[in-house]
Amino acid sequence: MAAADPTQLQQLALLVGPDPTHFETLVNHLMSSSNDQRSAAESFFNICKQAHPDLLLLRLAHLLSSSANPEVRAMSAILLRKHLTRATANDDSFLYPKLTESTRSAIKNILLSSLQRETTKSITKKINDTVSELAASVLPDGGWPELLPFMFQCVTSQNHNLQESALLIFARLAQFVGETLILHLSTLHELFLKCLSNSTSAELRIAALNATINFIQCLSNNNDREKFQDLLPLMMRTLTEALNSKQEATAQEALELLIELAGSEPRFLRKQIMEVVGSMLQIAEAESLEEGTRHLAIEFVITLAEARERAPGLMRKFPQFVHKLFMVLMTMLLDIEDDPVWHSAETEDEDAGETSNYGFGQECLDRLSISLGGNTVVPVASEVLRGFLAAPEWEKHHAALIALAQIAEGSSKVMIRNLEQIVSMVLNSFQDPHPRVRWAAINAIGQLSTDLGPDLQIKYNQQVLPALAGAMDDFQNPRVQAHAASAVLNFSENCAADILAPYLDGIVSKLLVLLQNGKQMVQEGALTALASVADSSQEQFQKYYDAVMPYLKAILVNANDKSNRMLRAKAMECISLVGMAVGRDKFRDDARQVMDVLMSLQGSQMDADDPTISYMLQAWARLCKCLGKDFLPYMNVVIPPLLQSAQLKPDVTITSADSDVDIDDDDSIETITLGDKRIGIKTSVLEEKATACNMLCCYADELKEGFFPWIDQVATTLVPLLKFYFHEEVRKAAVSAMPELLRSAKLAIEKGQSHGRNELYLKQLSDYILPALVEALHKEPEVEICASMLDSLTECIQVSGPILEESQVRSIVDEVKQVITASAARKQERAERARTEDFDVEEGELLKEENEQEEELFDQVGELLGTLIKTFRVSFLPFFDELSSYITPMWGKDKTAEERRIAICIFDDVVEQCREAALKYYDTYVPFLLEACNDENPDVRQAAVYGVGVCAEFGGSAFKPLVREALSKLNVVISDPSAHLPDNVMAYDNAVSALGKICQFHRDSIDAAQVFPAWLSCLPIKSDLIEAKLVHDQLCSMVERSDRELLGMNNQYLPKVVHVFAEVICAGKDLATEQTVSRMINLLRQLQQMLPPATLASTWSSLEPQQQLALQSILSS
């Protein structure tokens, strides 16, 4: 602290002296409108805070309880809250730890006595806040034993204000004190009952509702919660009484509390669900109420539908409510006006005429469909929408089409089954006389193309594409034209090139007409559609290139003023996608001109909100993909702004969860609530950051060793973003980039392009990346990203595996254990959900999807362990031993086929890579392996029979006793009549390969004269091309050795051998290596001499005519 001058010391002495008026003056000055007076007071206050913290806070407490001036009392409460509680981790206002025990005790007593004496409502609220926040931090350690008895005393007093205060504090503290109050359940029940029944004070009833709901939420035991069931009618009455007495603000407060209960404890409502949901829907239908009230009632019902984890399937049990809610939402969609501004709009996002009811109805239909699923929503929707489309009013047609688009995502599976009627319903509306209805029909087709693709594109392209082309001719309604172009984008994004091909002439020529339209919105739509069509049709777009590119370049060069920024940005996007579609050779000359324009733009000053920035980041990356190494000269221009975007800090605002500042209404801000804090994040900043990170990954992937000069900067930017929890796309991009950076470094070192850096650099980079990736995996909340992280880790080990240290392998193995344990816990939680009373088929479907994500995770665990085994071989076995208690249970019959397959693959890898060192595991694992050979799942069978093959190859005498059983198991797979069906053929090929290995390595343990011909009769194998090459090479070697068991007595099997050779040779490089094929050709030439002409002729005649021709030309050349 800087030394205070004598005047300050004198004033400080007065402040801490016996006369309290000096201190009250100081607090008054802290509120002064004069800046000078306020600054002086603040500096004194801070000096006092550092020199005499105890005295300062005691003085504030005394002012709170005794000042006659309400403003001073209010300010004292605010200052006490600020200094007694911690707002942030390094909050220098937080004085509580510095206070003596006697000061703490005195302040707590004064706060409670002030609460009893204070008569001004707003100040009482501030004291409540201070008491609640202080209590939240000290109660867990028993730091305020007097508080609970005091609160009980207040709640039972006759003073409504005191009762209300105690209940509000109780609501805030329930999570901290709930468990300690279990002993007093019946007392609390009585108190809540009494306060909820209070007939005179609505505020007291709301406070009681708040306390009751918070308390119910903190009870972990179902039976304890049940004891409060009978309060539910009173809790609902709080709401209805507020509505009946026209107190909508109070009603909205009650609704918000009930929504919280519906989200966290939906099953508490289950027994009285009919009454509760019925009341809510009545409120939703009451047009005399404020919109806000009706919206909250709907929010309650939707929240209940969304509470899947706690009450799966609950709302689906009541179809009558679903119908009623759907009708309420449809009515909200009718709240739309035909505003002329909509028609004359300059941008696609102009939504004139749409009300808040309309917007809320849209959002809720989407959420309802996702939470309840198509089996529940589609039957209701089809009945209602048909009625709406048959009505005369345009608003109803519009509403039906908008609703259809909104429910498509959640109901896609069921809608795909009814595609024909859905598509015709929408296409009929393309002819509607009202432009807004036509717009909505086009909008529906666009959304359905996304949600119901590619089925819609495959089955209905002949109806949809001509309809969209026709809509592009609606020159009277530019909005309809622009939207038709946007729908072409949606349609083509999910569409194979051969489906688009017949329509390209018509669509491209129409889009070129729109490009020359005076309306910018139409031009922008046309550009986006062209880009997407080019992207989907790839090289088929070449024939349009010369017609399209001059227009695109003209827009890029000429659209320079502020109003045209988006047009120019979309031209950039279109040029880069067209360039990628047609390829480097066609695009090269134009590419240089385009790059020059982008270079000059990059150097110019742009506004922060200019869309050019983000479009340019993506365009550069596409140009790089198209031009490859030719792009390197531009990298010095491209990378600095890209790094700048990737390093953007999130634009975050933090408010308390119950503050009145509403940041939810701002579309550019996404909010999340964590505890008692609400965090708002500007999404545009996050999107730019995510785009930049993705682009950096693209450059590393595309340029390989050429990316070397930028590795250090990019690594130090992206590695910390592995834990960037504000945005998933940023994490995903950072995860994907890790192996690319290592690969780039390794290639540059190998090719001598690493500017003098050697293997040590790769080791340092790997030591920086791998531990960070493992740590990020440990903290990652999303299963899908965990799977990507495991995949990334596997790729990193493939690049830099041998240089890993044992401690790094140890941390990876520990993390794998953690991943397996966490996954098992999630599955267990889902299994429990499946046992709840309302669980149904639809929930089962959703559960299956969630479990499929776990399968993907296990898949990646298998790949990672396989890579570690292949990299470290025998030295990995101590880790394998540790992991066996995690892997062995995966062989169990109760596990999914995918888990069994992965466990078998891991064992196969150990046997193959560790050879003699793996023999000790045979007794444990081979019985499982043999049993799995006849598993009903073909992927499990394939992994198991492959394992039998590697055990036969490397097991030596340990495998000998198992040969007979192995032959029997393989025979079942090979002789199965359905063995050659597409699902089974990979297992068949691997079984044949395993049989060949038993022939090769265990000839003495089998009846060779029977088994060898059986093996030969299965050849050639044609599906598993890796095994095919090995097996056909083995056959070749046996023939070269004149293996008598293979050729049989008097060479009786030689014609079959010739036939197999002929088939393999004719298949080119697929079924054998070039080396094997040339050995086979030499052998065939020799065999031609050995075989009798008649035998040779009959062997040839069994081949296909084109095989005969091919062989003749090969053998004669």
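This is a predicted model: local features need pLDDT of at least 70, side-chain atom pairs count only at pLDDT 80 or more; totals for chains, interfaces and linings use all residues.
Residues are numbered from 1 along each chain as its sequence is written, and side-chain values use heavy atoms, with hydrogens and water left out. Local features need pLDDT of at least 70 and side-chain atom pairs count only at pLDDT 80 or more, whereas totals for chains, interfaces and linings use all residues.

Helices are taken as DSSP runs (H or I, at least four residues), numbered from the N terminus. The axes of helix α23 (residues 419–428) and helix α25 (residues 455–471) come within 11 Å and cross at roughly 20°, where each axis is a line fitted to C-alpha atoms over the stretch in contact and angles run from 0 to 180 degrees between N-to-C directions. The crossing angle therefore makes α23 roughly parallel to α25, a term applied to angles under 35 degrees. On the side of α23, the contact (heavy atoms within 4.5 Å) is made by L419, E420, V423 and L427, and on the side of α25 by D455, L456, K459, Y460, Q463, V464 and A467. By class, this contact of α23 with α25 has seven nonpolar, one polar and three charged residues; Ala, Val, Leu, Ile, Met, Phe, Trp, Tyr, Cys and Pro count as nonpolar, Asp, Glu, Lys and Arg as charged, and the others, Gly among them, as polar.

A search of the whole structure finds 67 salt bridges, each defined as a side-chain nitrogen of Lys or Arg within 4 Å of a carboxyl oxygen of Asp or Glu. One of them joins the side chains of D474 and R438, at 2.9 Å from N to O. Because D474 lies in the loop between α25 and α26 (478–493) and R438 in helix α24 (residues 435–451), the pair ties together parts that are 36 residues apart in sequence. D474 is buried at 14% relative accessibility, and R438 is likewise buried, with a relative accessible area of 14%; buried means under 20% relative accessible area, exposed over 50%, and partly exposed in between (1.4 Å probe, protein chains only).

Other salt bridges lie within single helices. E775 and K779 meet at 3.2 Å, N to O, and, being four residues apart in helix α38 (residues 759–779), are separated by about one helical turn. E775 is partly exposed at 37% relative accessibility, as is K779 at 45%. In helix α43 (residues 897–914), E898 and R901 are three residues apart, again about one helical turn; their closest N and O atoms are 2.9 Å apart, and both E898 and R901 are buried. Elsewhere, salt bridges that share partners join R826, E829, R830, R833, E850 and E854 into one network.

How values were computed: Helices (H or I, at least four residues) and strands (E, at least two) are DSSP runs, numbered from the N terminus. Angles under 35 degrees count as roughly parallel, over 145 as roughly antiparallel, 65 to 115 as roughly perpendicular and the rest as oblique.
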